[in-house]
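Here is a walk through the fold, starting with the strands and finishing with the packing. Keep the 3D view open as you read.

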Amino acid sequence: MPEACPRSTEWHLALDLPSNFTSTFEKNDYVQAPRLLEMSDISRLSGQFVQVSSPEPHVVLVELSRKPVNAFSDEFWQEYGRVFDAISQEHDVRVVVLTSANPKFFSAGLDLKSLSGFDKYESEAARRTLQLKAHIDTFQRSIGAAERCPYPVIVAVHGIALGISIDIMTACDIRYAASDATFSVKEIDIGLAADVGTLARLPKVAGNQSLVREFAYTARNFSAAEAEKVGLVSKVVQGGRDEVVQAALETAKLIASKSPVGVLGTKHLLLHSRDHTMQDNLDYTATWNGAMIQTGDIPEALKSFQVKQKPVFSPLRKPSPKL
């Protein structure tokens with residue numbers, strides 16, 4: 001089992017950090033981490049805590065970047081959802097890679113300061129409950145934005161990945177982990193059932209229900225190797241941030257070379273299959289492909305195969321005219 005994560009004063013319920021962590025963690029470690037990308041026009045979608053760039057044609061890189069440990073405040077998770085919803089509207093994106101700019105942390109989970117604002121809600125129980133439910137619904141929608149994105153999302157996880165990290169990961173299509181990654185379904189340690197995605201999605205992506213329940217009931221740390229064993233990740237990459245991001249980008253480039261109509265349809269139908277019966281999905285797929293089989297991507301792919309050249313696919317839709 002990986003070493004237990006340590007304890008800091010600010011995130012004392014989510015982390016177990018060495019007492020000298022803040023003094024040994026240099027600012028430059030965070031902002032100067034080796035990067036594999038060049039900024040492009042897509043960077044206009046960046047926010048205060050979420051950075052967006054395009055390292056390859058049709059590939060978007062999204063990086064979590066809230067100092068010091070990517071703990072999620074209300075502002076952070078709201079921005080995360082907005083950024084993914086904005087990417088979903090981009091006309092020529094084909095695949096997204098999600099990672100952290102911090103070389104040591106994917107995310108420390110929830111910023112516990114965000115749990116202290118309950119006094120802003122109504123005192124009357126029923127109205128207070130409705131307000132809290134609306135807040136959780138919005139939280140769930142933001143953290144589930146990668147699943148809602150029409151393009152495949154590959155998450156590249158490294159370092160410490162606690163709590164909300166698992167919620168985020170399970171909403172992604174493909175999950176890679178660096179060998180230095182340490183995971184925990186941490187919510188039980190602050191007296192909560194995980195409520196923004198883990199308990200809904202992890203049992204569906206993992207193949208070992210006993211181990212899923214063990215993780216959720218105990219909040220114990222588990223390694224990248226154990227995450228691969230249970231099916232949470234499909235690949236463990238030796239190394240840290242740079243290595244796992246590079247592996248994710250290689251897969252992203254391969255996906256980006258495929259028909260965007262075919263890839264988008266495949267994601268849509270896989271999600272439909274998860275939530276419906278087999279026959280429902282077969283019927284729906286017949287209707288879907290009844291329309292999508294008319295795409296120009298099919299003759300382009302066949303022609304390219306015959307002449308042994310890479311196909312050139314059109315964007316899914318034209319950019320909206322500027323008013």
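## Ground rules

Helices here are DSSP runs of H or I with at least four residues, strands are runs of E with at least two, and both are numbered from the N terminus. This is a predicted model, so to speak: local features need pLDDT of at least 70, side-chain atom pairs count only at pLDDT 80 or more, and totals for chains, interfaces and linings use all residues. Residues are numbered from 1 along each chain as its sequence is written, and side-chain values use heavy atoms, with hydrogens and water left out.

Start at V50, which sits in strand β1 (residues 50–56). Is V50 buried or exposed? V50 is buried, with a relative accessible area of 0%; buried means under 20% on that scale, exposed over 50%, and partly exposed in between (1.4 Å probe, protein chains only). Leaving out residues up to four places away in sequence, V50 touches V62, E63, F76, E79, Y80 and V83, where a contact means heavy atoms within 4.5 Å. The C-alpha atoms of V50 and F84 are separated by 9.8 Å, with the two residues 34 apart along the chain.

Strands β1 and β2 make a hairpin with 2 residues between them, and H58 in the turn has a positive phi of about 70 degrees. Their pairing is antiparallel, over 5 bridges (two strands pair if DSSP finds at least two bridges between them). Within it, S53 stands opposite L61 in β2.

## An enclosed strand

Strand β2 (residues 59–64) has 6 of its 6 residues buried, so it is largely enclosed by the rest of the structure. In a regular strand the side chains alternate between the two faces of the sheet. Both faces of β2 are covered: V59, L61 and E63 are buried on one side, and V60, V62 and L64 on the other.

β2 also pairs with strand β4 (residues 95–100), in the parallel sense and over 6 bridges. There, V60 stands opposite V96.

Elsewhere, 4 strands form an open sheet of mixed pairing, in the order β5-β8-β10-β11. Its edge strands, each pairing on one side only, are β5 (105–107) and β11 (222–223). Strands β8 (residues 160–162) and β10 (residues 182–184) run parallel over 3 bridges, and A161 has F183 in β10 as its bridge partner.

## Helix α4

Helix α4 (residues 125–143) has 19 residues, which at 1.5 Å a residue should span 27 Å; its end C-alpha atoms are 27 Å apart, which agrees. The expected span is 1.5 Å times one less than the number of residues. F139, S142 and I143 are buried in α4. They cover an arc of only 95 degrees around the axis, which puts them on the same side of α4; the arc is that of the directions from the helix axis to the C-beta atoms. On the other side, R127 and L130 are exposed. The cover over the buried residues of α4 includes β3 (71–72), α3, β6 (109–110), α5 (145–148) and α6 (164–170).

## The nonpolar cores

A nonpolar core is a set of buried Ala, Val, Leu, Ile, Met, Phe, Trp, Tyr and Cys residues joined through side-chain atoms within 4.5 Å. The largest has 52 residues, and Y80, F84, L98, F183 and L232 have the most contacts inside it. Helix α3 (residues 74–88) supplies the largest share of this core, 6 residues. A second, separate core of 18 residues includes L61, V95, A178 and L249.
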